[in-house]
Every structure is written in C-alpha cells, then in structure tokens.
Amino acid sequence: DQQVKQNSPSLSVQEGRISILNCDYTNSMFDYFLWYKKYPAEGPTFLISISSIKDKNEDGRFTVFLNKSAKHLSLHIVPSQPGDSAVYFCAASAGGSNYKLTFGKGTLLTVNP
Amino acid sequence: DTAVSQTPKYLVTQMGNDKSIKCEQNLGHDTMYWYKQDSKKFLKIMFSYNNKELIINETVPNRFSPKSPDKAHLNLHINSLELGDSAVYFCASTRGPGRNTEAFFGQGTRLTVV
C-alpha cells in the first residue's frame, strides 16, 4: 500500500531549465511534507519542507507547491544545475507526537550540461 | 566531522549468521531511527528511540533488535539472517520526536546475505 507515490522513476532536463518533480499521496492524515535528495552511496539529505497550512514554500532555487485537494505536491528547481543530479524522495508525516516519515520510491533527476 | 555515522558501510554475510550495525550521531539529538531501503527502493521506518526509549516499532520480525545505550547511539542487531534481509539500512536522527524537524541520515549500510 503506497501512501506516497512518485510515479516518474526518472527525469532528464537541460542545465538552466526548470525541473519539476511530482508526488502524490493517499493518506488524508498527512500534514507535513518534505523533499530529500540522495546521491549514490550517501544517505538522504533534507532539501525543503512544507506544512499543510501553506501551499508554497521557497528556498533559493527550490520551491515546493502543495495542492491539498488533489493530494499532490511538486518540487520545482530553477535553474537546474548538473550538481542537482540525484534521486529525489518525497516524504510525508501525519499528526501526532511521533515523527515517522513515509517515503515515496524516489525520482532520479539527471541534469545535462 | 560526520553528523550521523554508521558502521560498517558494507556487510556481506551468510544466511543464519547474527550481525550488528552501529550508529552514532554527534548532533545532540534526542531521537534516532532505523530505516530500511529494500530492493524496490522504498525507505521504510523500522524503529525509533527517544532518549533511549523505544517509541516506534513497526511490524519488523523479532530477529531485529535495536539497542540504544545512550541517546547518541542506536545499534541494530539482526539474528538468524535471511536472504530477504538484504537491503540498505539507514540510521537517522532528529532533535526530538515531534514533527517539523528535519531528519539527518547516515550514509547507509548495505547488507548482503548470501
């Protein structure tokens, strides 16, 4: 039962263009969402997050958009750089005192010079 | 200086053996976790400890036993290893058990059971 879905296993974009990574979720209890970036042979590193009380959060070249009615979020990277090439995981957590992340399968982003 | 460090990075062992993976964090965090990334690439939580107390225990076989000697360390011991245990195991930590706090991950331990 995949509660967090990243339906695109891979995405390839040109340097300087926009990268859009998508994520869908099914659990209505999720109210906090995060994006993690992972390079090969390394652990995931936190990129950006958004609470369900917002619909947009921006940090430099990274923006996350949340559409609660559609249970959909997206990560925009503008402009994309070759160093952004990595696997991007979408994660979500539900209300409550214990912090448990539910991850998607990840999307491999390749930014071509 | 690595924030969350796991040892070993790679572990190859035979079925039926018992093995341990160690994790240490130097961030002063109160809460630590074990996640498993299986062959289908899903990262799934296994356990969480807050100040040495177990707070999350997902449906993991009893062969897996976490131990937290202090809040900076969380080890994972696996008895009677099976082929299906082959995966990458990630340790992580957060400031506390509550939400809205980012998790820092170790580099992972790739376990291969042959």
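1. A:Tyr36 and B:Phe105 are both buried, where buried stands for under 20% relative accessible area, exposed for over 50% and partly exposed for in between, using a 1.4 Å probe and protein chains only. For B:Phe105 the relative accessibility is 10%. Please keep in mind that this is a predicted model, in which local features need pLDDT of at least 70, side-chain atom pairs count only at pLDDT 80 or more, and totals for chains, interfaces and linings use all residues. Residues are numbered from 1 along each chain as its sequence is written, chains are lettered from A and ligands numbered from 1 in the order in which they are written, and side-chain values use heavy atoms, leaving out hydrogens and water.

2. These two residues also meet through their rings. The centres of A:Tyr36 and B:Phe105 are 5.5 Å apart with the planes at 85 degrees, so the pair is edge-to-face. (Rings of Phe, Tyr and Trp, the last by its six-membered ring, pair if their centres lie within 6.5 Å; planes under 30 degrees apart are stacked, over 60 edge-to-face, and the rest tilted.) A:Tyr36 sits in strand β4 (residues 30–38) of chain A and B:Phe105 in strand β10 (residues 104–105) of chain B, so the pair joins two chains. Strands here are DSSP runs of E with at least two residues, numbered from the N terminus.

3. B:Phe105 has a tilted pairing with B:Tyr35 as well, at 5.5 Å centre to centre and 50 degrees between the planes. B:Tyr35 belongs to strand β4 (residues 31–37) of chain B, 70 residues from B:Phe105, and is buried at 1% relative accessible area. A cluster linked by ring pairs includes A:Tyr36, B:Tyr35 and B:Phe105, along with A:Phe46 and B:Tyr33.

4. Now to the cysteines: how many disulfides are there over all chains? There are two, a disulfide being a pair of cysteine sulfur atoms within 2.5 Å. In chain A, the sulfur atoms of A:Cys23 and A:Cys90 are 2.0 Å apart. A:Cys23 is in strand β3 (residues 19–25) and A:Cys90 in strand β9 (residues 86–94), 67 residues apart. In chain B, B:Cys23 is joined to B:Cys91, S to S 1.9 Å; the torsion about this S-S bond is about -80 degrees, so the disulfide is left-handed. Both B:Cys23 and B:Cys91 are buried.

5. Chain A also has an open, antiparallel sheet of five strands, in the order β1-β3-β8-β7-β6. Strands pair if DSSP finds at least two bridges between them. β1 (4–5) and β6 (56–59) of chain A stand at the edges with a single partner strand each, so one side of each lacks a neighbour in the sheet.

Note on methods. Helix = DSSP H or I, 4+ residues; strand = E, 2+ residues; numbered from the N terminus.
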